[in-house]
Amino acid sequence: MNPFHYGAVVSGADFYDRKDEADRIAETLLGGNNIVLYAPRRFGKTSLVFKIIEMLEKQKFICIYFDFMSIYSLESFVKLYSYALSKKQSNLKKFVQDLASSIKNIRPVLSFNASGEPEFGVNFAGPGDTIDEAMISQLLDMSEVLFDKKRVFIFFDEFQDCVKINDINFENLLRSKIQHHKYTNYLFFGSKTHILNDMFNNKKRAFYNSALPMSIGPLPEKETIAYLQKKFSAHSITINSGMAKYIITTAGDIPHYIQLLASEVWQYMVNEKNTVTTDIIDYCVQRVLASNKDYHIELFDRQSNSKKQLLQALSQSGKNIFSINYIKTYRLSSASAIQKAVKELIEDNIIEKINNEYFIADPFFKLFVINSYHPVTFN
Ligand SMILES: Nc1ncnc2c1ncn2[C@@H]1O[C@H](COP(=O)(O)OP(=O)(O)OP(=O)(O)O)[C@@H](O)[C@H]1O
Ligand SMILES: [Mg+2]
């Protein structure tokens with residue numbers, strides 16, 4: 001079995017480091033604060049949150065993980081949020097009663113699955129079943145009443161997607177609710193940093209200044225090298241620290257892509273069981289590029305000329321991109337054209353920004369852009 005995993009939450013032996021971040025976040029939540037956690041895409045936010053949940057649950061705190069990605073309406077929110085609450089109940093029958101008595105018009109139901117286990121659900125079959133702000137408001141208060149005054153931590157993943165619920169102003173309602181919660185604290189996070197940023201830093205938005213900002217960066221190089229060496233050597237493959245470092249930099253120092261490239265290298269080498277070399281890594285990079293070729297071509301073709309030019313410039317450097325020098329070096333048209341292109345590329349999640357430096361989010365798409373600029377052929 002390939003020891004490298006990507007594309008889903010990692011835990012147990014597949015999860016390394018992040019101890020300081022996990023401790024800091026857990027302590028801040030325990031201190032009664034709400035947090036907004038920022039990090040670019042695929043840096044390991046969800047995996048870190050699962051680690052924090054594991055830590056807090058060991059201390060017997062109630063933790064609820066809720067992903068807004070699949071929420072598109074009030075109905076889906078009511079169903080899935082109450083389901084998430086039901087998962088933390090030892091007595092589902094009592095939970096159904098509590099819900100029915102606390103929330104006007106809700107119709108919770110308990111059924112039994114094929115193995116005879118009770119299953120919780122919410123019914124919206126009746127013609128008069130309407131979901132209004134009052135119902136959502138009561139539902140959001142349930143974490144305060146269901147758990148006998150125990151501390152509750154709610155982790156809202158892909159939180160920026162809550163704006164998709166536009167039947168009511170969900171953002172305003174949630175903000176007004178959480179400020180009165182005594183036993184519940186929240187951690188907000190998601191993969192669209194620019195939208196989260198606006199939600200929490202724009203004075204006109206409901207969540208302005210309502211949570212402590214925290215962020216995570218790449219995983220530390222030393223630990224990543226040690227992790228790669230350990231995983232490869234368990235399969236009798238040797239990789240020296242220089243080669244491990246080469247994987248890290250080629251993958252843009254982004255946890256997801258490090259695992260992806262390492263997985264490709266492992267797959268290629270598994271039957272040969274010898275030493276990782278630059279040629280092998282380069283060859284594996286080409287394999288990743290080849291399997292993404294159609295997608296990359298389509299993505300690049302879809303961009304306007306000024307965005308294509310900017311992507312080519314960003315594949316070389318992402319510093320001081322509005323300066324005259326940058327515009328001249330990369331033969332771009334004007335600072336205002338760059339501004340427009342940057343805005344659109346960020347909205348489409350194609351580029352990201354850390355500390356005033358811009359970069360192409362997917363390091364393999366970056367390589368595609370470099371290669372399409374200076375085509376190279378590989379055997
Ligand atoms: N601490 C870690 N140890 C090992 N691998 C990690 C770690 N954190 C992240 N990864 C790698 O990165 C991948 C993405 O992790 P995760 O889904 O947690 O990131 P994310 O920031 O939530 O991503 P997204 O922005 O897409 O929501 C994982 O599948 C794994 O390959
Ligand atoms: Mg995630």
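## Packing of α3 against α5

In this predicted model, L74, V78, Y81 and S82 of helix α3 meet M135, I136 and L139 of helix α5. By class, this contact holds 6 nonpolar residues and 1 polar residue, with no charged residues. Helix α3 covers residues 74–86 and helix α5 covers residues 133–140.

Two packed helices are described by the angle between their axes and the distance between the axes. For α3 and α5, the axes come within 11 Å and cross at roughly 20°. Angles under 35 degrees count as roughly parallel, and α3 is therefore roughly parallel to α5. The crossing of α3 and α5 is left-handed.

## Packing of α10 against α11

Helix α10 (residues 241–250) packs on helix α11 (residues 255–269) at an angle of about 130°, and the two axes are 8 Å apart. The two helices are therefore oblique to each other. Their crossing is right-handed.

On the side of α10, the contact is made by I247, I248 and T250; on the side of α11, it is made by I258, L261, A262 and V265. The residues of this contact divide into 6 nonpolar and 1 polar, and none is charged.

## Packing of α12 against α17

Helix α12 (residues 278–291) and helix α17 (residues 363–373) pack with their axes 10 Å apart, at an angle of about 90°. Angles from 65 to 115 degrees count as roughly perpendicular, and this description therefore applies to α12 and α17.

V285, V288 and L289 of α12 make the contact with F364, L367 and F368 of α17. The contact of α12 with α17 has 6 nonpolar residues, no polar residues and no charged residues.

## The parallel sheet

An open sheet of 5 strands is present, with the order β2-β5-β6-β1-β7 and parallel pairing. Strands β2 (62–67) and β7 stand at the edges; each has a single partner strand, so one side of each is left without a neighbour in the sheet. On average, neighbouring strands of this sheet are turned by 20° against each other, direction ignored. In a regular strand the side chains alternate between the two faces of the sheet.

## The hairpin of β8 and β9

Strand β8 (residues 351–354) is joined to strand β9 (residues 357–360) by 4 bridges, and these strands run antiparallel. The bridge partner of I354 in β9 is E357. Together β8 and β9 form a hairpin with 2 residues between them. In the turn, N355 has a positive phi of about 45°.

Which residues come nearest to ligand 1? Of the 24 residues around the ligand, these are G44, T46, S47, S191 and Q259. The elements that give two or more residues to the shell are α2 (45–58) and α11. Helix α11 is also the partner of α10 in the packing described above.

By class, the shell around ligand 1 has 10 nonpolar, 8 polar and 6 charged residues. The contact of α10 with α11, by comparison, has no charged residues.

Key: Residues numbered from 1 in each chain as written. Chains lettered and ligands numbered in written order. Predicted model: local features only at pLDDT ≥ 70, side-chain atom pairs only at ≥ 80, totals over all residues. Axes fitted to C-alpha atoms, helices over the stretch in contact; angles between N-to-C directions. Parallel < 35°, antiparallel > 145°, perpendicular 65-115°, else oblique. Left-handed = near helix turned anticlockwise from the far one by under 90°. Contact = placed C-beta atoms within 7 Å. Nonpolar A, V, L, I, M, F, W, Y, C, P; charged D, E, K, R; others polar. Pairing = 2+ DSSP bridges. Near = placed C-beta within 6 Å.
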